[in-house]
Amino acid sequence: MEIRKFIFKRLIEIFVIFFVILTVLFLLFRLAPGDPVTRMVDPTMTPEDAAHLIAQLGLDQPIWLQYIYYLKNFFTGNFGISFHYGVAVFSIILNRLPNTILLFSTSILLSAFVGIFLGKIASWHKGEKTDTWMTLGALICHTLFLPWLALILIWIFGFNIGWFPLNGMISPEIWLDSSSGFWLKFLDVAHHMVLPLATLFLIHFGSYLLLMRSSMLDTLREDYILTARAKGLTEKVIRNHHAAPNAALPVVTSVGISLAFSLGGGALTETVFSWPGIGRELVFAVSNSDYPLAQASFLLIATVVLISNLVVDVLYAYLDPRIKY
Amino acid sequence: MVERFLEGWSVYKENLIGKIGLTLLVIFALMALCSFFPPMIDPMYHPMTGVDPNISHSTSPSWRHWLGTDFIGRDILCQLLAGARIAFMVGISAAFMSILLGTVIGMIAGYSGKIVDTLLMRLADMIMVMPTLLVVLILSSLFGQLNIWTIVLLIALFRWPGVSRVIRAQTLSLKERPFIEAAKVAGASHFRVIFRHIMPNVLPLSLLYMTFRVTSAIIIEAALAFLGFGDPSTVSWGMMLQWVWKTGHMFQAPYWLLPPGICISLLTLSFYMLGRAMEEVLDPRLRKEIAQE
């Protein structure tokens with residue numbers, strides 16, 4: 001019951017935050033220099049289409065009415081028409097969302113698990129060579145400049161060795177061929193995903209490793225570890241069953257906190273690899289002054305951050321029964 | 001004060017990671033200083049406008065150009081040196097401003113409590129969930145090309161919440177201590193209590209956070225420049241990478257692709273190492289709260 005109450009409270013908080021973001025974005029798009037009409041309506045449209053869109057977005061109304069229209073349009077999924085693609089923005093971002101979620105969640109989960117696993121080992125060998133090298137390696141990977149790492153990986157594994165495709169998510173010849181089955185398509189996407197995934201993984205696992213290591217070292221000083229030792233349990237059991245689950249909790253929290261940061265990195269990765277996700281769409285929209293698309297992509301990314309934060313909170317509550325709300 | 005510093009220094013210099021970090025940092029600082037000399041030798045060594053008259057495409061390293069030239073014949077080494085200057089400038093000024101904001105807001109929130117505290121911390125939560133890079137991207141699309149100081153300011157405005165949380169927690173525990181009570185009884189104003197009595201005690205923590213903020217500021221500026229939203233009148237490392245990438249030289253010109261990326265990575269690494277070493281000097285118990293970015 002308690003946890004339901006907690007989720008409900010967080011949901012309300014998230015809703016309020018989202019509402020504020022929505023409002024700030026509205027104000028920014030209206031107050032920025034230039035005419036909001038030219039910003040939201042494609043200048044190459046026919047006058048009738050333009051008039052229709054202006055009426056739909058309420059751009060001919062006073063500003064407070066525009067705000068109402070804006071909210072109504074938002075909740076009915078009407079974000080206007082993309083300048084570049086010429087179709088409804090909503091369908092574009094809906095189309096890109098799964099690709100982002102696929103790449104992003106795989107990379108976060110993979111780096112968190114590997115980071116926790118390696119951090120556990122590093123803490124167990126504290127002061128030894130294994131620990132020094134792991135810590136140093138984690139530090140270096142963590143501070144690599146993401147787009148550069150992406151370019152280097154493409155250069156080495158895509159261009160020089162040729163193991164992986166240079167960019168994109170699918171090979172058209174496989175997807176257009178009606179005879180190729182699910183597994184072939186699956187393998188094709190996986191093949192394209194290796195390098196972007198490796199980029200995000202290398203950047204992220206280091207911080208989880210370092211955090212897990214120090215958290216593990218703290219946990220090992222606790223009394224119940226001493227008790228476990230006194231009971232004569234093997235070191236392996238103590239490490240994996242007594243210390244690690246508790247030590248992993250701060251890592252879960254940090255996944256939540258670093259999400260916003262990682263999404264920026266996600267946008268860079270998607271852009272360099274031409275991965276058809278929301279982040280790349282946002283960068284593209286901003287570069288080409290495609291304002292409706294930029295606005296919607298940004299809102300969607302904010303939504304993704306907020307929802308993932310909620311997921312992390314709930315996960316935390318589930319993992320740590322000591323927590324009281 | 002000096003004694004405390006010397007004591008800290010004696011702990012610090014035992015730290016391997018700290019020593020590596022500081023050495024790297026000194027090298028980069030020297031690079032930034034050296035950036036003033038090449039344009040004086042010959043105008044063709046100017047990082048932005050200097051073009052070698054004999055070269056019109058990217059060339060590999062030679063005696064005349066130690067690291068080669070870019071696509072219009074500008075010297076890569078000179079750009080690299082100038083980039084170090086920009087990185088320091090952006091990193092340190094953005095970090096300083098965000099730390100200033102974070103410290104003041106954190107102290108005020110912690111000290112006043114109640115509604116002010118709630119409001120400020122909710123604001124912090126809100127800003128914390130925004131991806132800074134993407135927010136700055138959106139703003140630059142709305143307000144046109146941003147100059148380097150606007151970018152610095154925006155980074156500072158969006159990077160204070162993490163600091164303010166820690167400073168607030170510290171202030172909460174400080175304000176219960178007897179010496180604060182004593183100051184109040186002696187008639188000190190709230191302003192004086194905050195800035196005269198609380199601030200000196202949270203300052204080391206702010207300083208520690210500053211090293212981590214330098215790292216994130218440099219990365220954000222580089223990423224913006226890489227995506228093509230940097231200040232067009234400056235030569236930053238991110239800008240150099242954008243040129244390699246956008247002009248399609250990344251497969252042909254490793255001498256051009258490698259140096260800027262290595263520099264960004266090493267500089268952020270050195271600040272990060274500095275921070276981690278300082279952390280151990282200041283307080284081993286703080287370890288958990290920091291490595292989160």
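**Helices and chains**

Reply: Let's start with a crossing: H8(B) passes H10(B) right-handed, meaning that the near helix is turned clockwise from the far one by less than a right angle. Helices here are DSSP runs (H or I, at least four residues), numbered from the N terminus. This is a predicted model, where local features need pLDDT of at least 70 and side-chain atom pairs count only at pLDDT 80 or more, while totals for chains, interfaces and linings use all residues. Residues are numbered from 1 along each chain as its sequence is written, with chains lettered from A and ligands numbered from 1 in the order in which they are written.

Me: Is H8(B) roughly parallel or roughly antiparallel to H10(B)?

Reply: Helix H8 (residues 161–174) of chain B packs on H10(B) with the axes 10 Å apart and an angle of about 150 degrees. Axes are lines fitted to C-alpha atoms, for helices over the stretch in contact, and angles run from 0 to 180 degrees between N-to-C directions. Angles under 35 degrees count as roughly parallel, over 145 as roughly antiparallel, 65 to 115 as roughly perpendicular and the rest as oblique. So H8(B) is, relative to H10(B), roughly antiparallel.

Me: How many charged residues does the contact of H8(B) with H10(B) have?

Reply: Contact means C-beta atoms, placed from the backbone, within 7 Å. On the H8(B) side sit residues including B:Val163 and B:Gln170, and they face a set in H10(B) that includes B:Ile198 and B:Asn201. Asp, Glu, Lys and Arg count as charged, Ala, Val, Leu, Ile, Met, Phe, Trp, Tyr, Cys and Pro as nonpolar, and the others, Gly among them, as polar. The tally is eight nonpolar, four polar and, for charged, none.

Me: Which residues of helix H7 (residues 148–158) of chain B are buried?

Reply: Buried takes 20 or more other C-beta atoms within 10 Å of a residue's own. The cover over the buried residues of H7(B) includes helix H4 (76–112) and helix H5 (114–128) of chain B. The buried ones are B:Ile151, B:Val152, B:Ile155, B:Ala156 and B:Phe158.

Me: Which helix of chain A supplies the largest share of the side that touches chain B?

Reply: In total, 44 residues of chain A are in contact with 37 residues of chain B. Several helices of chain A each supply at least two residues of that side, among them H1 (2–31) and H9 (182–219). The largest share, seven residues, comes from H13(A).

Notes
Contact = placed C-beta atoms within 7 Å. Buried ≥ 20, exposed ≤ 12 C-beta atoms within 10 Å, placed from the backbone.
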